[in-house]
Amino acid sequence: MSAVMISTMVLCFALTISVAVSIGLASILGIQASNANMLISVKEMFASINKFPLAAIPFFILAGNLMETGGISRRLVEFAKSIVGGVQGGLPMTCVLTCMIFAAVSGSSVATTFAIGAILIPALIKHGYPTSYAAALQATSAELGVIIPPSIPMILYGVSAEVSIGELFIAGFGPGLLISAALMLFVWAYCKYKGWGKNDGDGRMPFGKATLQAGWALLMPVIILGGIYGGVFTPTEASAVAVFYALIVGMVIYREIRIKDLFAILRKSAISSAVIMFIIANAGLFAFLITRAGVPDAIGRWLEAVLQSPALFLLGVNAALFVIGMFIETSAAIIVLAPILAPVAMHFGIDPVHFGLIMVVNLALGMITPPFGVNLFAACTVAKISLDRIIKHLLPFVCVILVCLMVITYVPSISLALRDLVYAK
(Lines give C-alpha, C1' and ligand atoms only; values in the text may rest on other atoms or scores of the structure.)
Protein backbone atom coordinates (compact mmCIF):
# COMPACT_ATOMS: atom_id res chain seq x y z
CA MET A 1 0.00 0.00 0.00
CA SER A 2 2.68 2.50 1.00
CA ALA A 3 4.61 1.88 -2.25
CA VAL A 4 1.49 2.59 -4.32
CA MET A 5 0.75 5.76 -2.36
CA ILE A 6 4.26 7.22 -2.51
CA SER A 7 4.80 6.39 -6.19
CA THR A 8 1.40 7.88 -7.10
CA MET A 9 2.11 11.04 -5.14
CA VAL A 10 5.56 11.49 -6.75
CA LEU A 11 4.07 10.90 -10.23
CA CYS A 12 1.35 13.48 -9.60
CA PHE A 13 3.92 16.01 -8.40
CA ALA A 14 5.95 15.39 -11.57
CA LEU A 15 2.82 16.06 -13.64
CA THR A 16 2.37 19.36 -11.70
CA ILE A 17 -0.99 18.26 -10.27
CA SER A 18 -1.87 20.34 -7.19
CA VAL A 19 -0.49 19.13 -3.86
CA ALA A 20 -3.89 18.51 -2.25
CA VAL A 21 -5.20 16.47 -5.20
CA SER A 22 -1.94 14.53 -5.47
CA ILE A 23 -2.01 13.53 -1.79
CA GLY A 24 -5.74 12.72 -1.89
CA LEU A 25 -5.47 10.59 -5.04
CA ALA A 26 -2.48 8.72 -3.63
CA SER A 27 -4.45 8.00 -0.45
CA ILE A 28 -7.52 6.73 -2.35
CA LEU A 29 -5.39 4.41 -4.47
CA GLY A 30 -3.64 3.18 -1.31
CA ILE A 31 -7.00 2.28 0.25
CA GLN A 32 -7.99 0.47 -2.94
CA ALA A 33 -4.70 -1.43 -3.06
CA SER A 34 -5.17 -2.66 0.52
CA ASN A 35 -8.84 -3.61 -0.06
CA ALA A 36 -9.87 -1.44 2.89
CA ASN A 37 -13.29 0.16 3.30
CA MET A 38 -13.50 3.45 1.39
CA LEU A 39 -15.43 4.98 4.30
CA ILE A 40 -12.03 5.32 5.97
CA SER A 41 -11.28 8.22 3.65
CA VAL A 42 -14.34 10.21 4.73
CA LYS A 43 -13.82 9.45 8.40
CA GLU A 44 -10.12 10.39 8.48
CA MET A 45 -10.49 13.49 6.31
CA PHE A 46 -13.19 14.78 8.64
CA ALA A 47 -11.15 13.87 11.71
CA SER A 48 -8.16 15.77 10.30
CA ILE A 49 -9.99 19.09 10.23
CA ASN A 50 -12.28 18.48 13.21
CA LYS A 51 -9.77 19.99 15.65
CA PHE A 52 -10.41 23.16 17.64
CA PRO A 53 -6.95 24.74 17.14
CA LEU A 54 -7.45 24.67 13.35
CA ALA A 55 -10.29 27.17 13.72
CA ALA A 56 -7.55 29.78 14.18
CA ILE A 57 -6.46 29.46 10.53
CA PRO A 58 -9.47 31.08 8.80
CA PHE A 59 -9.65 33.74 11.51
CA PHE A 60 -5.99 34.76 11.15
CA ILE A 61 -6.34 34.82 7.36
CA LEU A 62 -9.42 37.04 7.68
CA ALA A 63 -7.62 39.31 10.17
CA GLY A 64 -4.72 39.74 7.73
CA ASN A 65 -7.07 40.68 4.88
CA LEU A 66 -8.94 43.14 7.10
CA MET A 67 -5.63 44.74 8.09
CA GLU A 68 -4.63 45.07 4.44
CA THR A 69 -7.90 46.77 3.43
CA GLY A 70 -8.35 48.75 6.63
CA GLY A 71 -5.20 50.86 6.38
CA ILE A 72 -3.40 49.12 9.24
CA SER A 73 -0.56 47.88 7.02
CA ARG A 74 0.04 51.36 5.54
CA ARG A 75 0.34 52.91 8.99
CA LEU A 76 2.73 50.17 10.10
CA VAL A 77 4.92 50.97 7.08
CA GLU A 78 5.06 54.67 8.06
CA PHE A 79 5.89 53.72 11.65
CA ALA A 80 8.72 51.40 10.60
CA LYS A 81 10.05 54.00 8.17
CA SER A 82 10.16 56.58 10.96
CA ILE A 83 12.52 54.26 12.88
CA VAL A 84 14.96 52.99 10.24
CA GLY A 85 14.10 55.00 7.11
CA GLY A 86 16.62 57.77 7.77
CA VAL A 87 19.76 55.73 6.95
CA GLN A 88 21.06 54.64 3.57
CA GLY A 89 19.13 51.49 2.68
CA GLY A 90 16.43 52.51 5.14
CA LEU A 91 13.57 51.63 2.82
CA PRO A 92 14.56 47.94 2.45
CA MET A 93 15.11 47.86 6.22
CA THR A 94 11.61 49.32 6.59
CA CYS A 95 10.28 46.42 4.54
CA VAL A 96 11.84 43.86 6.90
CA LEU A 97 10.76 45.70 10.07
CA THR A 98 7.18 46.19 8.83
CA CYS A 99 6.86 42.51 7.91
CA MET A 100 8.13 41.61 11.38
CA ILE A 101 5.45 43.76 13.05
CA PHE A 102 2.70 42.67 10.64
CA ALA A 103 3.67 39.03 11.25
CA ALA A 104 2.75 39.45 14.91
CA VAL A 105 -0.94 39.42 13.96
CA SER A 106 -1.33 37.92 10.47
CA GLY A 107 0.08 34.37 10.82
CA SER A 108 0.42 34.08 7.02
CA SER A 109 3.38 34.93 4.80
CA VAL A 110 1.25 35.29 1.66
CA ALA A 111 -1.05 37.78 3.41
CA THR A 112 2.05 39.67 4.55
CA THR A 113 3.44 39.71 0.99
CA PHE A 114 0.29 41.24 -0.48
CA ALA A 115 -0.46 43.63 2.40
CA ILE A 116 3.04 45.10 2.72
CA GLY A 117 4.24 44.50 -0.83
CA ALA A 118 1.40 46.51 -2.33
CA ILE A 119 2.80 49.56 -0.49
CA LEU A 120 6.56 48.99 -0.36
CA ILE A 121 7.37 47.41 -3.73
CA PRO A 122 6.17 50.53 -5.64
CA ALA A 123 7.94 52.73 -3.06
CA LEU A 124 11.23 50.84 -3.50
CA ILE A 125 10.98 51.10 -7.29
CA LYS A 126 10.23 54.83 -7.01
CA HIS A 127 13.40 55.31 -4.94
CA GLY A 128 15.53 53.70 -7.65
CA TYR A 129 15.76 50.10 -6.47
CA PRO A 130 15.55 47.44 -9.23
CA THR A 131 12.10 45.90 -9.50
CA SER A 132 13.57 42.40 -9.18
CA TYR A 133 15.37 43.36 -5.96
CA ALA A 134 12.21 44.88 -4.48
CA ALA A 135 10.20 41.71 -5.24
CA ALA A 136 12.91 39.39 -3.87
CA LEU A 137 13.23 41.46 -0.69
CA GLN A 138 9.47 41.50 -0.09
CA ALA A 139 9.09 37.76 -0.68
CA THR A 140 11.93 37.01 1.76
CA SER A 141 10.81 39.46 4.45
CA ALA A 142 7.26 38.09 4.33
CA GLU A 143 8.63 34.71 5.42
CA LEU A 144 8.64 36.23 8.92
CA GLY A 145 4.83 35.93 8.77
CA VAL A 146 5.07 32.23 9.62
CA ILE A 147 8.04 32.42 12.01
CA ILE A 148 6.99 35.23 14.37
CA PRO A 149 3.83 34.18 16.24
CA PRO A 150 0.99 33.76 15.70
CA SER A 151 1.83 31.35 12.89
CA ILE A 152 -0.43 29.01 10.90
CA PRO A 153 2.37 26.44 10.29
CA MET A 154 3.11 26.38 14.04
CA ILE A 155 -0.56 25.64 14.71
CA LEU A 156 -0.41 22.78 12.20
CA TYR A 157 2.80 21.40 13.74
CA GLY A 158 1.33 21.62 17.24
CA VAL A 159 -1.79 19.72 16.16
CA SER A 160 0.16 17.11 14.15
CA ALA A 161 2.92 16.46 16.70
CA GLU A 162 0.72 17.04 19.79
CA VAL A 163 2.88 19.90 21.06
CA SER A 164 1.67 22.97 22.96
CA ILE A 165 0.84 25.73 20.48
CA GLY A 166 1.42 28.38 23.16
CA GLU A 167 4.97 27.09 23.72
CA LEU A 168 5.61 27.04 19.97
CA PHE A 169 4.39 30.61 19.65
CA ILE A 170 6.64 32.01 22.33
CA ALA A 171 9.60 29.97 21.04
CA GLY A 172 9.16 31.64 17.65
CA PHE A 173 10.21 35.08 18.89
CA GLY A 174 13.93 34.25 19.15
CA PRO A 175 14.30 32.83 15.62
CA GLY A 176 12.06 35.57 14.21
CA LEU A 177 14.12 38.37 15.76
CA LEU A 178 17.39 36.69 14.68
CA ILE A 179 16.25 36.44 11.05
CA SER A 180 14.89 40.00 11.10
CA ALA A 181 18.16 41.40 12.46
CA ALA A 182 20.22 39.38 9.96
CA LEU A 183 18.12 40.56 7.02
CA MET A 184 18.25 44.22 8.10
CA LEU A 185 22.02 44.06 8.58
CA PHE A 186 22.45 42.41 5.17
CA VAL A 187 20.26 44.88 3.24
CA TRP A 188 22.00 47.83 4.93
CA ALA A 189 25.46 46.50 3.97
CA TYR A 190 24.31 45.55 0.46
CA CYS A 191 22.81 48.99 -0.18
CA LYS A 192 26.05 50.61 1.04
CA TYR A 193 28.00 48.40 -1.37
CA LYS A 194 25.67 49.13 -4.30
CA GLY A 195 25.23 52.82 -3.50
CA TRP A 196 21.44 52.47 -3.35
CA GLY A 197 19.02 54.29 -1.09
CA LYS A 198 20.84 57.54 -0.39
CA ASN A 199 17.51 59.40 -0.48
CA ASP A 200 15.43 56.85 1.44
CA GLY A 201 14.66 59.35 4.19
CA ASP A 202 12.68 61.63 1.87
CA GLY A 203 9.10 62.08 3.06
CA ARG A 204 9.74 60.26 6.35
CA MET A 205 7.34 61.14 9.17
CA PRO A 206 8.67 62.20 12.57
CA PHE A 207 8.73 59.25 14.97
CA GLY A 208 6.14 60.76 17.34
CA LYS A 209 3.63 61.53 14.60
CA ALA A 210 4.06 58.10 12.97
CA THR A 211 3.64 56.37 16.33
CA LEU A 212 0.50 58.35 17.10
CA GLN A 213 -0.96 57.59 13.68
CA ALA A 214 -0.15 53.87 13.98
CA GLY A 215 -1.14 53.63 17.64
CA TRP A 216 -4.25 51.49 17.11
CA ALA A 217 -2.38 49.24 14.68
CA LEU A 218 0.54 48.79 17.11
CA LEU A 219 -1.87 47.96 19.93
CA MET A 220 -3.14 44.94 18.00
CA PRO A 221 -0.14 42.59 18.55
CA VAL A 222 0.04 43.74 22.17
CA ILE A 223 -3.58 42.68 22.76
CA ILE A 224 -3.29 39.41 20.83
CA LEU A 225 0.04 38.18 22.20
CA GLY A 226 -0.50 39.70 25.65
CA GLY A 227 -3.85 37.95 25.87
CA ILE A 228 -2.34 34.58 24.93
CA TYR A 229 0.59 34.71 27.37
CA GLY A 230 -1.43 36.44 30.05
CA GLY A 231 -3.83 33.49 30.07
CA VAL A 232 -6.80 35.63 28.98
CA PHE A 233 -7.54 33.53 25.90
CA THR A 234 -6.13 30.60 23.93
CA PRO A 235 -4.32 31.03 20.57
CA THR A 236 -7.51 29.94 18.79
CA GLU A 237 -9.62 32.45 20.66
CA ALA A 238 -6.96 35.08 19.96
CA SER A 239 -7.56 34.67 16.23
CA ALA A 240 -11.22 35.64 16.68
CA VAL A 241 -10.17 38.62 18.82
CA ALA A 242 -7.78 39.67 16.03
CA VAL A 243 -10.65 39.67 13.51
CA PHE A 244 -12.92 41.68 15.80
CA TYR A 245 -10.17 44.22 16.55
CA ALA A 246 -9.14 44.62 12.89
CA LEU A 247 -12.81 45.07 11.92
CA ILE A 248 -13.42 47.76 14.56
CA VAL A 249 -10.20 49.65 13.75
CA GLY A 250 -10.74 49.42 9.98
CA MET A 251 -14.43 50.39 9.99
CA VAL A 252 -14.92 52.64 13.01
CA ILE A 253 -11.55 54.25 13.80
CA TYR A 254 -9.69 54.49 10.47
CA ARG A 255 -12.92 54.26 8.44
CA GLU A 256 -11.20 52.70 5.42
CA ILE A 257 -13.35 49.56 5.28
CA ARG A 258 -16.84 50.12 3.94
CA ILE A 259 -19.79 47.75 4.18
CA LYS A 260 -19.54 46.96 0.47
CA ASP A 261 -15.87 45.92 0.93
CA LEU A 262 -16.75 43.15 3.37
CA PHE A 263 -18.04 40.68 0.78
CA ALA A 264 -14.78 40.79 -1.21
CA ILE A 265 -12.72 40.45 1.99
CA LEU A 266 -14.78 37.50 3.25
CA ARG A 267 -14.73 35.81 -0.17
CA LYS A 268 -10.95 36.12 -0.45
CA SER A 269 -10.49 34.80 3.09
CA ALA A 270 -12.90 31.90 2.54
CA ILE A 271 -11.08 30.78 -0.61
CA SER A 272 -7.67 30.93 1.09
CA SER A 273 -9.00 29.04 4.13
CA ALA A 274 -10.69 26.39 1.97
CA VAL A 275 -7.45 25.72 0.09
CA ILE A 276 -5.53 25.16 3.32
CA MET A 277 -8.28 23.04 4.88
CA PHE A 278 -8.51 20.87 1.76
CA ILE A 279 -4.77 20.24 1.96
CA ILE A 280 -5.04 19.44 5.68
CA ALA A 281 -7.90 16.97 5.09
CA ASN A 282 -6.05 15.08 2.36
CA ALA A 283 -2.72 15.18 4.17
CA GLY A 284 -4.42 13.87 7.33
CA LEU A 285 -5.76 10.85 5.43
CA PHE A 286 -2.34 10.27 3.87
CA ALA A 287 -0.59 10.47 7.27
CA PHE A 288 -3.11 8.04 8.80
CA LEU A 289 -2.56 5.47 6.06
CA ILE A 290 1.24 5.58 6.04
CA THR A 291 1.24 5.41 9.86
CA ARG A 292 -0.99 2.33 9.72
CA ALA A 293 1.40 0.83 7.17
CA GLY A 294 4.32 1.29 9.59
CA VAL A 295 6.22 3.78 7.41
CA PRO A 296 7.04 6.27 10.22
CA ASP A 297 8.46 3.51 12.41
CA ALA A 298 10.55 2.17 9.53
CA ILE A 299 11.88 5.63 8.68
CA GLY A 300 12.58 6.26 12.34
CA ARG A 301 14.60 3.05 12.70
CA TRP A 302 16.50 3.82 9.48
CA LEU A 303 17.34 7.34 10.62
CA GLU A 304 18.50 6.05 14.00
CA ALA A 305 20.79 3.53 12.29
CA VAL A 306 22.25 5.91 9.70
CA LEU A 307 22.33 9.19 11.64
CA GLN A 308 23.66 8.09 14.98
CA SER A 309 24.01 11.47 16.69
CA PRO A 310 21.61 14.39 17.24
CA ALA A 311 23.89 16.74 15.24
CA LEU A 312 23.93 14.44 12.21
CA PHE A 313 20.19 13.83 12.50
CA LEU A 314 19.46 17.56 12.47
CA LEU A 315 21.81 18.12 9.52
CA GLY A 316 20.15 15.29 7.54
CA VAL A 317 16.64 16.51 8.39
CA ASN A 318 17.50 20.08 7.40
CA ALA A 319 18.87 18.93 4.05
CA ALA A 320 15.79 16.81 3.38
CA LEU A 321 13.33 19.50 4.47
CA PHE A 322 15.06 22.11 2.32
CA VAL A 323 14.56 19.96 -0.79
CA ILE A 324 11.02 18.94 0.21
CA GLY A 325 10.07 22.57 0.84
CA MET A 326 10.91 23.44 -2.75
CA PHE A 327 8.25 21.11 -4.10
CA ILE A 328 5.59 20.65 -1.41
CA GLU A 329 3.42 23.34 0.18
CA THR A 330 4.45 24.12 3.75
CA SER A 331 1.14 23.15 5.40
CA ALA A 332 1.02 19.77 3.66
CA ALA A 333 4.69 19.04 4.40
CA ILE A 334 4.24 19.76 8.11
CA ILE A 335 1.10 17.64 8.45
CA VAL A 336 2.68 14.66 6.67
CA LEU A 337 6.20 14.87 8.13
CA ALA A 338 5.70 16.13 11.70
CA PRO A 339 4.13 12.87 13.01
CA ILE A 340 7.02 10.97 11.40
CA LEU A 341 10.00 13.09 12.38
CA ALA A 342 9.00 14.54 15.78
CA PRO A 343 9.12 11.15 17.62
CA VAL A 344 12.55 10.42 16.12
CA ALA A 345 13.79 13.85 17.20
CA MET A 346 12.56 13.16 20.74
CA HIS A 347 14.43 9.82 20.65
CA PHE A 348 17.63 11.80 20.02
CA GLY A 349 16.81 14.04 22.98
CA ILE A 350 15.76 17.03 20.90
CA ASP A 351 13.02 19.18 22.44
CA PRO A 352 9.86 18.85 20.28
CA VAL A 353 9.28 22.63 20.49
CA HIS A 354 12.82 23.33 19.26
CA PHE A 355 12.37 20.75 16.49
CA GLY A 356 9.08 22.40 15.51
CA LEU A 357 10.83 25.75 15.04
CA ILE A 358 13.51 24.06 12.91
CA MET A 359 10.79 22.52 10.72
CA VAL A 360 8.84 25.77 10.37
CA VAL A 361 11.89 27.93 9.57
CA ASN A 362 13.24 25.37 7.10
CA LEU A 363 9.95 24.78 5.30
CA ALA A 364 9.32 28.54 5.25
CA LEU A 365 12.37 28.69 2.98
CA GLY A 366 10.26 26.73 0.50
CA MET A 367 8.06 29.80 0.21
CA ILE A 368 10.95 31.71 -1.39
CA THR A 369 12.60 28.94 -3.42
CA PRO A 370 11.53 27.92 -6.94
CA PRO A 371 9.67 26.17 -8.44
CA PHE A 372 6.70 26.39 -6.03
CA GLY A 373 7.54 29.33 -3.74
CA VAL A 374 4.17 30.92 -2.98
CA ASN A 375 5.77 34.13 -1.71
CA LEU A 376 7.65 34.48 -4.99
CA PHE A 377 4.45 34.21 -7.00
CA ALA A 378 2.73 36.75 -4.74
CA ALA A 379 5.65 39.23 -4.90
CA CYS A 380 5.96 38.82 -8.68
CA THR A 381 2.23 39.45 -9.02
CA VAL A 382 2.51 42.71 -7.05
CA ALA A 383 5.70 43.79 -8.89
CA LYS A 384 4.30 42.65 -12.28
CA ILE A 385 7.45 40.78 -13.31
CA SER A 386 8.24 37.17 -14.23
CA LEU A 387 9.69 34.74 -11.70
CA ASP A 388 12.99 34.21 -13.51
CA ARG A 389 13.91 37.89 -13.14
CA ILE A 390 14.18 37.84 -9.35
CA ILE A 391 16.41 34.75 -8.95
CA LYS A 392 19.66 36.78 -9.11
CA HIS A 393 18.66 38.98 -6.17
CA LEU A 394 16.93 36.15 -4.32
CA LEU A 395 19.98 33.89 -3.86
CA PRO A 396 21.79 36.13 -1.31
CA PHE A 397 18.61 36.33 0.80
CA VAL A 398 18.27 32.54 0.76
CA CYS A 399 21.89 32.24 1.93
CA VAL A 400 21.20 34.64 4.84
CA ILE A 401 18.18 32.57 5.94
CA LEU A 402 20.19 29.33 5.63
CA VAL A 403 22.91 30.72 7.93
CA CYS A 404 20.22 31.73 10.45
CA LEU A 405 18.64 28.25 10.15
CA MET A 406 21.95 26.61 11.09
CA VAL A 407 22.31 28.90 14.10
CA ILE A 408 18.71 28.16 15.19
CA THR A 409 19.32 24.43 14.71
CA TYR A 410 22.49 24.14 16.77
CA VAL A 411 21.84 26.83 19.39
CA PRO A 412 18.56 25.62 20.99
CA SER A 413 18.51 28.44 23.54
CA ILE A 414 17.53 30.90 20.77
CA SER A 415 14.18 29.10 20.59
CA LEU A 416 13.85 27.74 24.10
CA ALA A 417 15.17 30.45 26.45
CA LEU A 418 12.00 32.53 26.39
CA ARG A 419 9.80 29.41 26.42
CA ASP A 420 11.59 28.09 29.52
CA LEU A 421 11.24 31.48 31.19
CA VAL A 422 7.50 31.78 30.58
CA TYR A 423 6.59 28.10 30.95
CA ALA A 424 8.95 27.37 33.86
CA LYS A 425 8.28 23.86 35.08
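Visitor: Buried means under 20% relative accessible area, and exposed means over 50%. Is Cys404 buried or exposed?

Guide: Cys404 is buried, because its relative accessible area is 5%. Please note that this is a predicted model.

Visitor: How many disulfides are there in the whole structure?

Guide: The search of the whole structure finds zero disulfides. Cys404, for example, is in no disulfide, and the nearest cysteine sulfur, that of Cys399, is 11 Å away.

Visitor: Is Cys99 buried or exposed?

Guide: Cys99 has 0% relative accessibility, so it counts as buried.

Visitor: Let us turn to helix α6. What span should it have, and how far apart are its ends?

Guide: Helix α6 covers residues 90-106, which is 17 residues, and at 1.5 Å a residue it should span 24 Å. The expected span is taken as 1.5 Å times one less than the number of residues. The C-alpha atoms at the ends of α6 are 24 Å apart, in agreement with that expectation.

Visitor: How many residues of α6 are buried?

Guide: In α6, 17 of the 17 residues are buried, so the helix is largely enclosed by the rest of the structure.

Visitor: Take Thr94. Where is it, and what is it in contact with?

Guide: Thr94 is located in helix α6. Beyond its neighbours within four places in sequence, Thr94 is in contact with Val77, Ala80, Lys81, Val84, Gly85 and Leu120. Its relative accessible area is 0%, so Thr94 is buried.

Visitor: What about Phe52, buried or exposed?

Guide: Phe52 counts as exposed, because its relative accessibility is 52%. Phe52 is placed in the loop between α3 (39-49) and α4 (56-69). Setting aside residues up to four places away in sequence, Phe52 touches Thr234 and Thr236.

Visitor: How far apart are Phe52 and Ser272 in sequence and in space?

Guide: They are separated by 220 residues in sequence and by 18 Å in space, C-alpha to C-alpha.

Visitor: On to pockets. How much space lies in the largest one, and which residues lie nearest its centre?

Guide: The largest pocket holds about 850 Å³ of space. Its lining consists of 37 residues, and those nearest the centre are Val110, Val275, Ile279, Glu329 and Val374.

Visitor: Which helix gives the most to that lining?

Guide: Helix α15 gives the most to the lining of the largest pocket, with seven residues. The helices that each supply at least two residues include α7 (109-126), α15 (261-292) and α18 (330-347).

Visitor: What is the lining of the largest pocket like by class?

Guide: The lining of the largest pocket has 23 nonpolar, twelve polar and two charged residues.

Visitor: How many cavities of 30 Å³ or more are there?

Guide: The structure has one cavity of 30 Å³ or more. The largest cavity contains about 30 Å³ of space.

Visitor: What lines the largest cavity?

Guide: Tyr133, Phe186, Tyr190, His393, Pro396 and Phe397 line the largest cavity. By class, five of these lining residues are nonpolar, one is polar and none is charged. Helix α21 provides the largest share of the lining, three residues. Helices α11 (173-194) and α21 (391-410) each supply at least two.

Visitor: Now the backbone. Which residues does a cis peptide bond join?

Guide: A cis peptide bond joins Pro149 and Pro150, with omega about 0 degrees. Pro150 belongs to the loop between α8 (131-141) and α9.

Visitor: What is the phi of Arg255, and of Lys384?

Guide: Arg255 is not a glycine, yet its phi is positive, at about 55 degrees. Lys384, also not a glycine, has a positive phi of about 60 degrees.

Visitor: Where do these two residues lie?

Guide: Arg255 is in the loop between α14 (235-253) and α15, and Lys384 is in the loop between α20 and α21. With 67% relative accessibility, Arg255 counts as exposed. Lys384 is exposed as well, with a relative accessible area of 75%.

Conventions: Residues are numbered from 1 along each chain as its sequence is written. This is a predicted model: local features need pLDDT of at least 70, side-chain atom pairs count only at pLDDT 80 or more; totals for chains, interfaces and linings use all residues. Side-chain values use heavy atoms; hydrogens and water are left out. Helices (H or I, at least four residues) and strands (E, at least two) are DSSP runs, numbered from the N terminus. Buried means under 20% relative accessible area, exposed over 50%, partly exposed in between (1.4 Å probe, protein chains only). A disulfide is a pair of cysteine sulfur atoms within 2.5 Å. Contact means heavy atoms within 4.5 Å. On a 1 Å grid over the protein atoms alone, a cavity is a set of points where a 1.4 Å probe fits but cannot get out, and a pocket is an open set with protein on both sides within 12 Å along at least five of seven lines; lining residues have an atom within 4 Å of a point. Grid points are joined across faces, edges and corners, and a volume is the space filled by probe spheres set on the points. Ala, Val, Leu, Ile, Met, Phe, Trp, Tyr, Cys and Pro count as nonpolar, Asp, Glu, Lys and Arg as charged, and the others, Gly among them, as polar.
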